[in-house]
Amino acid sequence: MSAKTILIVGGGISGITTAVEAAEVGYHTVLVEKNPYLGGRVAQLNKYFPKLCPPYCGLEMNFRRIKTNPKITVYTSTEVESVSGQEGNYSVRLKVNPRYVNEKCTSCNACAEACPVERPNEFNFGMDKTKAAYLPHVLSYPMRYVIDRNACKDQSCDKCVKACAYNAIDLGMKPRTVEMHVGSIVYATGWNPYDAARMDNLGYGRFRNVITNMMMERLASPNGPTGGKFLRPSDNREVKKVVFVQCAGSRDENHLNYCSAICCMASLKQATYIRERIPDAKVTIAYIDLRAPGKYEEFLEKVKADANIRMVKGKVAKIEEDAATGDLLLEFEDVEGGGKIHERADMAVLATGMDSSVKDNAMLSFEENGFINGGKAAGIYSTGVAKRPSDVTTSIQDATGMALKSIQSLVRS
Amino acid sequence: MAQETVFTPDIKFVRELKKAGADTLKKCYQCATCSVVCPLSPDDKPFPRKEMVMAQWGLKDELVKSADIWLCHNCNDCSKYCPRGARPGDVLAILRKSVIQENAFPRFMGKIVGDPANIWQALAIPVVLFIVVLAMSGHLGIPEGNVVFSKFFPVHFIDMIFVPLSMLSVVMFAVSISRFWKNMTSGTGMTPKAGFMPSLVETLKEIMTHAKFRKCDENKDRSVAHVLVFYGFIGLAITTALAVFNLYILKWESPYPVDDPDVLAIFGGSTALVWIVKILFKLLANASSVMLLTGGVLVIKNRLKERGVETLTSSFDWLFAGIVLLVGLTGFLAQVMRVAHFPAVMAYGTYFIHLVLVFYIIIYMPYSKLAHFVYRTVAITWTKMLKRDVEI
């Protein structure tokens, strides 16, 4: 007898969508996420297209659909260890990593207050710190604290255990293995920002005021490291002049040899973040081509109309730092005007592209650009950015489609 | 009123460029990374991004009068950072070759020397010429006895061929360069801000020190190789001039006897002084050829090593590097064979090949890769006159 469950790997907006859509038609879905929270990259955004609402309006709605649907099982802090079998009957082994906090947690923050150790906050790309006992972000799902045992230098420390009034902390928790049979699998493993330090001419990692577009989302976010203020990393001064560096690694055979599809719109959006909050701020967007497909063109026209936003055709190919002030000196050619521009800026935002997060998996077949085409065998699919670089809207549409594909697979086998 | 610009692409020119080695030029998508990473590109109207689009569009007329392509020293920093693998550095090398061919006078010489496929034609000219001269003077054959090169190919025959042809070549070169100068300076819409002579002096200083070349990041080693070849050539040019001076002014003939009475008279009867002059002369000749040889080997070594990131270069460049190396090698070998008493046929044969290659380098100068030293000097001088050159 074939299994009637769909496994979805990756709990970002695409994975959540596939899981919820399939469950709401009546199929059992298992949603596996390696982070201790759902929401993925979308959770890290300040606002997202098309309506430019904060991510929680979309995510909360989905969390609600998960909570109220008994057909969905969610595993966070969990990785897929192995998959074998064939369509209709895949044996899957999951490794559930310990969270050290159980479901009794009320998110009262007492453990974090008691915790003596700090760790870099990867949710904010290391721009601030959390305690070793922490809530991943303000609207985490599940709404439960986590303890980073890698950060607890003193493994005998039990201050958090003593501080917890609900008996929610168990430092003795061990990894456990879960085995199951599923009929079909959808990989919604998403993406990582391309490692900007690999572009040695752009200074990321050497100059503090060179940041990536994802870091910019966190700076802009009210729950980010600066509470939504555009303070540059070197001296926490509010920025007055920002340059967006388009195609930072994308469309480049030395880095990502494809267009990452979202960076143009992301930078246009981020330019409006700055302009909305700092009335006299000036923004330059240096691009090779501006890609604003379909209705996004209206947004592009709106941004273009802002006199304080300048768009220059020409790629930033050199960034240097004025060590005394921390200011950046960016160099690019104005292709339409015909001359090199040396621009001084408070901060540079590299529009870094999307790099496939899964690169090596014997069960999967990959596109030339490293994204997942699908399974080598029937009944395995990919969706969202795991399949191709795309924006949230496109990912959600694709994820809905993959819910149907994975259901068809169950019905077929 | 909307302004209309009509381009007439020269498709044939684009095909020629691609065939000559610039096959990557169509990959360029005009991001202008190259113009920024180039350490030699000026801020105002930088290169090579604009040359890339001109080449794609086949704007031959624009490119032929470009001074900027001569500011490029083929560091290939641009090719390293180019996101498309369009290799702007190599494309500019091919463009320079085309400009040499385009301005060549007479035009057919540009075609013979400029296209590596015609190498046999180019070599056949001196071979036939030499054989005819030797046959007509009854010297065709291998002389008996010890190897003395002037017995095989009397020096005054060599001079009879080389002196007038070199002079002709200089005239041809002057015509080619004046064509180039006219192309380059007319219709640019830019007026010079500095005089010709001061700019030329500044340019020559820069060339002597290789200051521009040393600004390259990506393949610094090339400047060392080029310095050696450069000074090797200059040393050999001086050697040749001295040899002519010895022969025709001092009447002092190879193998330069130290007891030649006329020569002794000039040096106040001191055999030691004559000996020192002779040794210095030989030292200059040998040091220069060693430099040329070492430089030539390094050039080829760098080219082979750099195949990945840096220059791929055209067969035009390869050919010239090969010929330079062979000139040095055959010259050196001929001398070794003479001194070490190799069979006469080998020594004379090597010497003959040497002379053919020397002919190639000297007489074909206006059309070969070597022409770049004048084109580049002239173009950099013009750039300095316009004050648009980068600060070194």
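Helix packing, domains and chain contact in the predicted model

Helix α6 of chain A passes helix α7 of chain A in a left-handed crossing, a term used if the near helix is turned anticlockwise from the far one by less than a right angle, with right-handed used if clockwise. The structure is a predicted model, in which local features need pLDDT of at least 70 and side-chain atom pairs count only at pLDDT 80 or more, while totals for chains, interfaces and linings use all residues. Residues are numbered from 1 along each chain as its sequence is written, and chains are lettered from A and ligands numbered from 1 in the order in which they are written.

Helix α6 (residues 213-220) and helix α7 (residues 263-277) of chain A pack at an angle of about 30°, their axes lying 11 Å apart; helices are DSSP runs of H or I with at least four residues, and strands are runs of E with at least two, numbered from the N terminus. Axes are lines fitted to C-alpha atoms, for helices over the stretch in contact, and angles run from 0 to 180 degrees between N-to-C directions. The two helices α6(A) and α7(A) are therefore roughly parallel to each other, as angles under 35 degrees are classed. In this packing, A:N213, A:M216 and A:A220 of α6(A) meet A:C263, A:A266, A:S267, A:Q270 and A:Y273 of α7(A), where contact requires C-beta atoms, placed from the backbone, within 7 Å. The residues of this contact divide into 5 nonpolar, 3 polar and no charged.

Chain A is divided into domain 1 (5-97 + 175-190 + 357-412), domain 2 (110-163) and domain 3 (195-353), with bounds that come from an automatic or database domain assignment. The C-alpha centres of domain 1 and domain 2 of chain A lie 27 Å apart, and their contact takes 10 residues from domain 1 and 8 residues from domain 2. On the side of domain 1 that touches domain 2, helix α3 (residues 55-67) of chain A gives the most, with 3 residues.

An open sheet of 3 strands in chain A has the order β4-β5-β10, with antiparallel pairing, two strands being paired if DSSP finds at least two bridges between them. Strands β4 (78-86) and β10 (176-182) of chain A stand at the edges, each with a single partner strand, so one side of each is left without a neighbour in the sheet.

Between the chains, the contact takes 17 residues from chain B and 17 residues from chain A. The largest share of the chain B side, 4 residues, comes from helix α2 (residues 33-37) of chain B.

Terms used:
Two residues are in contact if their C-beta atoms, placed from the backbone, lie within 7 Å. Angles under 35 degrees count as roughly parallel, over 145 as roughly antiparallel, 65 to 115 as roughly perpendicular and the rest as oblique. Ala, Val, Leu, Ile, Met, Phe, Trp, Tyr, Cys and Pro count as nonpolar, Asp, Glu, Lys and Arg as charged, and the others, Gly among them, as polar.
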